[in-house]
Amino acid sequence: MAPLRARREVLGALIVVRTDHDDPFTEQDALLVADLVKGISLSVDNARLHQHTRTAAERLQRSLLPRLPHIPSMEITARYAPSSTTAQVGGDWFDASTLPGGDTALVIGDVSGHDLTAAVTMSQLRNMLRGIAVDCQDRPSEVLRRLDLATLTLYPHSTATCAYALVKGPLSGPWEVHHSSAGHLPLLLTCPNGDTHYLDTASGLLIGVDSTLARPTARDPLPPLSTLLMFTDGLIERPGESLSDAMTRLRRHTAALAQAPLDVFCDELILGLGAGSTDDIALLALRPTPPGI
């Protein structure tokens with residue numbers, strides 16, 4: 001029996017048994033076992049350290065994500081799933097809030113990089129965007145323009161994608177979604193009957209490149225009980241697969257889940273599409289629900 005030691009700690013023991021009593025262990029056997037436990041101890045300690053680092057990174061990432069508000073006539077759900085292949089934090093984020101004028105603001109974004117710097121920058125961009133959105137309450141393209149200018153001024157070496165949307169309408173509807181994208185994947189609208197389409201008419205350059213370029217804002221109707229989905233690329237992108245095929249696959253999944261409860265809708269997307277992802281995943285889903293339904 002030989003102890004597994006690492007950093008002055010006993011992690012376990014290696015027990016070697018021979019069934020032939022006439023052939024005892026030799027000194028060479030003892031040296032072989034000693035070499036074995038060194039390698040095993042190092043592997044076990046590295047695995048424990050990796051798991052500890054990954055758990056700490058995930059806790060940090062989750063602590064930076066916001067709590068979702070309660071919005072009358074709106075169901076809203078979000079999910080964050082860390083990468084299964086890295087112990088580092090990422091730059092994925094989502095946010096939702098009710099602005100002073102009554103509009104519902106929805107945000108999703110992804111800061112480039114997978115390290116502590118990306119996570120910190122993500123938190124700072126999210127907070128800046130919150131302040132800009134509350135202060136100006138302007139169309140999404142203008143909010144993103146101001147965020148772009150602030151990012152280029154304060155964090156000149158950072159880039160990020162971001163989609164910003166405003167849900168407008170009275171308590172009982174009808175509703176519209178005003179949206180703009182800074183290099184981010186388009187919003188996906190899934191109607192109760194399973195019809196799906198991407199809201200991709202308001203795309204612009206990503207954040208941190210050129211704040212002087214014009215950004216568009218688009219307006220689309222948001223039918224009752226439809227599901228508006230915002231997501232980061234970790235949900236759909238796979239090595240060797242075209243983005244078009246990945247986006248088509250997502251449409252098929254959301255169409256099949258069109259009438260599922262919103263929590264189930266989000267969970268099934270993570271389980272069905274996120275299992276093989278090598279990147280973090282963030283998604284934000286909103287479903288307008290008129291009173292009495």
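**Entry 1: Thr254**

I started with Thr254, which is found in helix H4 (residues 243-256); helices here are DSSP runs of H or I with at least four residues, strands are runs of E with at least two, and both are numbered from the N terminus. I am working with a predicted model, where local features need pLDDT of at least 70, side-chain atom pairs count only at pLDDT 80 or more, and totals for chains, interfaces and linings use all residues. Residues are numbered from 1 along each chain as its sequence is written, and side-chain values use heavy atoms, with hydrogens and water left out.

Is Thr254 buried or exposed? I found 0% relative accessibility, so Thr254 counts as buried. My cut-offs are under 20% relative accessible area for buried, over 50% for exposed and partly exposed in between, with a 1.4 Å probe and protein chains only.

I then looked up what Thr254 touches, leaving aside neighbours within four places in sequence: Leu188, Thr190, Thr196, Leu229, Phe265 and Leu269. Contact means heavy atoms within 4.5 Å. With Thr190 there is also a polar contact of 3.1 Å, side chain to side chain. A polar contact is a pair of N or O atoms within 3.5 Å; within protein, one must be able to donate a hydrogen and the other to accept it, and residues adjacent in sequence count only if both atoms are side-chain atoms.

**Entry 2: Trp93 and the cores**

Next I went to Trp93, in strand S4 (residues 92-98). Trp93 has a relative accessible area of 1%, so I noted it as buried. Not counting residues up to four places away in sequence, I listed its contacts as Leu65, Val107, Ile108, Gly109, Asp110, Val111, Met122, Leu125, Arg126, Thr161 and Cys162. I also checked Gly272, which is 179 residues from Trp93 along the chain; their C-alpha atoms are separated by 21 Å.

Which residues have the most contacts inside the largest nonpolar core? They are Trp93, Phe94, Leu106, Leu147, Tyr164, Leu228 and Met230, in a core of 47 residues. Helix H2 (residues 116-136) supplies the largest share of this core, eight residues. Apart from this core lies another, of 22 residues, among them Leu185, Leu235, Ile236 and Cys266. A nonpolar core is a set of buried Ala, Val, Leu, Ile, Met, Phe, Trp, Tyr and Cys residues joined through side-chain atoms within 4.5 Å. As background, I jotted down that nonpolar side chains tend to be buried together in soluble globular proteins.

I found His184 in the loop between S7 and strand S8 (187-190). His184 is buried, with a relative accessible area of 8%. Its side chain reaches the backbone oxygen of Phe231 at 2.7 Å. Beyond four places in sequence, His184 is in contact with Ile108, Gly109, Asp110, Thr161, Cys162, Ala163, Phe231 and Thr232.

I noted about 160 Å³ of space in the largest pocket. By class, its lining has four nonpolar, seven polar and four charged residues.

**Entry 3: Cavities**

How many cavities of 30 Å³ or more does the structure hold? I counted three. The second largest cavity has about 40 Å³ of space, and its lining is Asp95, Ser97, Ala105, Val107, Leu129, Arg130, Ala133 and Tyr164. H2 gives the most to this lining, with three residues.

For both kinds of space, a 1 Å grid over the protein atoms alone is used: a cavity is a set of points where a 1.4 Å probe fits but cannot get out, a pocket is an open set with protein on both sides within 12 Å along at least five of seven lines, and lining residues have an atom within 4 Å of a point. Grid points are joined across faces, edges and corners, and a volume is the space filled by probe spheres set on the points. For the classes, Ala, Val, Leu, Ile, Met, Phe, Trp, Tyr, Cys and Pro count as nonpolar, Asp, Glu, Lys and Arg as charged, and the others, Gly among them, as polar.

**Entry 4: Backbone**

Last, I looked at Pro174, in the loop between strand S6 (160-168) and strand S7 (175-182). The peptide bond from Gly173 to Pro174 is cis, with omega near 0°. Ser73 is not a glycine, yet has a positive phi of about 65°.
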